[in-house]
Each structure stands twice: as C-alpha cells, then as structure tokens.
Amino acid sequence: MKSFHHCLFATVIAFFSIPSSGSSAEDGAAFTPLFNGKNLDGWHGRPHFNPTKLAEMPEEERAANLAKWQADAEQHWRVENGALVNDGKGAYLVTNQDYRDYELRLQYKTVAGADSGIYLKATPQVQIWDYTDEGKFKIGSDKGSGGLWNNSAGAPGKDPLVLADKPFGQWNDVRIVQVGARTSVWLNDQMVVDHAIMENYWDRKSPLMVSGPIELQTHGGEIRWRNLEIRELSTQEANQLLATKDADKFQSIFNGKDLDGWVGATNNYEVVDGAIGCKKGSGGNLLTEKEYENFVVRLEFQLPPGGNNGLAIRAPLEGNPAYQAMCELQVLDSTAKKYEDLDERQYHGSAYGMAAAERGFLRPVGEWNFQEVTVDGSNITVELNGTVILETDLSKVTEYMAGSDHPGKDLTKGHFGFAGHGDAVLFRALSIREL
C-alpha cells in the first residue's frame, strides 16, 4: 500500500508556513499548542475531501484548490477572545502538519442544532452534535458526542460508551489518544471510546493512514474551539500504550534472562539486553516448548537494515515453518532496496507465500515495533503498531507463491517461535493469551 501523506505534506509546506513543533517525538514530554490564540497560522482550509485524491491531483490543480479553500475558510473562521470561532459554514480547518501517534487535547462549545466533529489523520470523525435533537435520534445523537461516528454499524467505538456532553453554553473538554488506528476518547473526563480501531472512511478495505492532519469539522451551527494542544508520543510510549491494554490476560513466555522454555536452534540465538536475538550469520527455528492451539501473542521486534526473520505459527519441531507450519508470518525490513521486487506475499506481516499484508506501517529501521497476532481456527489477524495489516482465513487460500504447496496450513496445534534467516533481529516483551 503506497503512502500519500509525504507528498501532500510537502505540498502544504510549500503553500502554508508551518510553525516549529517545539518538542521531540522521542522525549514525548511537552504539549505543543496547535492554535496561537491570534490567527490561523499553522492551519489551512479544506472541505470534506478525500486526501488521497488531493495528493493525486496535478500540482497546479491542487494549489488552486488549496487557495480556494483557504479563502473560503477565512470568510467563515475568526479569532475571538482567544478562541477559534466558526459560523457553521465553509471549509474546515486542517493542521499543516501530519501526526502519527499522539495525545490531543482541546475544548469546544457549540449551539443547539449544530453538527460537527474532529477528523483524525484526515479521517472523519470524533462526533460532536446536539444530543437533544430528536430529529437525529435515529442516527445516534441521543447517545451523545465523542464516538467514532463513521465506523461501521455495530463496530467498537461507533457509539460513545456514555453520554458525557455538557449543556449548551458550557465548554466541553476532549482528550484523544491515537496509536496507529487504535483510538481512545475522553469527553469531560469520561471515557467514551476505549481503544477502538478507527476505520478508514475513504477506503474501507484499507487501514487508517499511518499519519495525517487534525481537522476541525464545522456545519449546522456555530462552534468555538480553544486550548488546542498536541503531544506526539515516543515509540516507547506508543508501544507501552498498546501493551497495557488487557495486559493482565497475557502470560509471559520469555524470562528476559535465558532461553529456558524454548527449544530448537538454541545455539543460534542469544539473550541481548532482555531480548531474544538471532545471531548474525545464524538462523533456524527457535520454538516454545509448549504447543498452542488458538491464541493471541504480543511482542516487540527490532529490525536491522535489511533484516529478515519470521514468526512460526503452529509449527512442528522439524521442517520449514513457511510450509510445514500453519504459516510463517514475515518479519522483514520491507523498506530495504534489495526487497523491492518481492512477491506481495513476502513483505512484513504476510503469511509467507499465501496472504499479503498491508505495507507502510513499520517504524523506521532500528526502532522497536509492537505486534499482536491472533490465531483463531484458520483465521489469522496481524496488528502492527496499532494498525491491522492482515486479516485472512488460510482455509480459503488456494493460490500459492511459485505454486508451492503449504501442507501445514491446516494444522490446528503447534509451537510458536522464530524462523531466523541469518540477520540480527531482536524480539522482546513476549506474551501469549490462550483463547
């Protein structure tokens, strides 16, 4: 999957000036104001518009649209007493900067009949509306604000967990934490969305974009915004947030000190600073002593440039997990030039040779990635850094890379572990929940 936000971001930089962030994603300590309380610096106008189509526009057409939308925004937005005020019409306000993993805080105050929202990564939306409007009860207004309204019917997060809106005339406090597509929302200090996957409204078959801007949607009535600030999360913070969810349901399978509980190519692996590492130039299969049927496994991994390894799923003690196990899930530096011509079913997160994962969601080489894999019957789900990159039913796979059979794919039980290919890939924070 190609990422578009880099070219769009470059275009917006050229068209609008962007203030310095003032804090590093690695220190993750300070909040940075998104609004200076004086003018629209750091923002530009854009209506409800597919960002992929915007990025694909010829440069001249894109610039013309941005200019038109900016002029429209300036007609309907103003600054009053340190607040952004919109009259319920015109283009939305969009940050010039993109964000990946972050904590966002803001306050809003609106009026009866208004209908608004907060777009995350250019995607609608954290809903804001009139919870007393009986005309919209049939579409959920009576449940209150804060839900991920554009998620599919019945999907987690679509409806807020509680009605937490304050009466009209009062300021509402919003806190949003987003890691990958995993989104949590608090409205007036009450959790209304709990770690839900935010769907990609623009393309339901693809995950939420890896990064994108914050947008303030306005229509139907006046809305005021103030105290907008954002804190970009470090890799460590983002991974920890993902690991903390339901952590009490998982059991560690690595003691951080030695390979007790593991079998197979133990001489080809070592413990390095609390992580299991494949020795450079070595490889083979390192497997848990215990066998598993249905389970969820969590881990962190770190790839060197061009690194290659794999997760053995329901593997026997002998044989190549790519074929003799249920599958080998690729652990691969998909960005390496030497891998640019691989089969799509060979890139990171893919069920090797059988099912291709979405690409573009690895962290930069050398950083720790967080991955969760769910194995349930013949179904496998791979979630990387908070984004689901693979959902497949291997029982339905009938076409294989190079026509090679996968005789182990229907196994219902086996060992979990690693399939090393000579690269110094590291794994840590390993835990499993049996289903």
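**Cavities and a pocket in a predicted model**

A search of the whole structure finds six cavities of 30 Å³ or more. A cavity here is a set of points, on a 1 Å grid over the protein atoms alone, where a 1.4 Å probe fits but cannot get out. Volume means the space filled by probe spheres set on the points, with points joined across faces, edges and corners.

A word on the source. This is a predicted model, where local features need pLDDT of at least 70, side-chain atom pairs count only at pLDDT 80 or more, and totals for chains, interfaces and linings use all residues. Residues are numbered from 1 along each chain as its sequence is written, and side-chain values use heavy atoms, without hydrogens and water.

Start with the largest cavity. It holds about 70 Å³ of space. Thirteen residues line it, meaning they have an atom within 4 Å of a point. Closest to its centre are Thr-110, Asp-165, Lys-166, Phe-168 and Asn-172. Strands β6 (102–110) and β8 (123–129) each supply at least two lining residues. Strands are DSSP runs of E, at least two residues, numbered from the N terminus.

Now the second largest pocket. A pocket is an open set with protein on both sides within 12 Å along at least five of seven lines. Its volume is about 570 Å³. Of its 27 lining residues, Ile-197, Met-198, Glu-199, Val-388 and Glu-391 are closest to the centre. Two or more residues each come from β11 (190–197), β22 (368–376), β23 (379–384) and β24 (387–393). Which element gives the largest share of this pocket's lining? That is β24, with five residues.

How values were computed: Helices (H or I, at least four residues) and strands (E, at least two) are DSSP runs, numbered from the N terminus.
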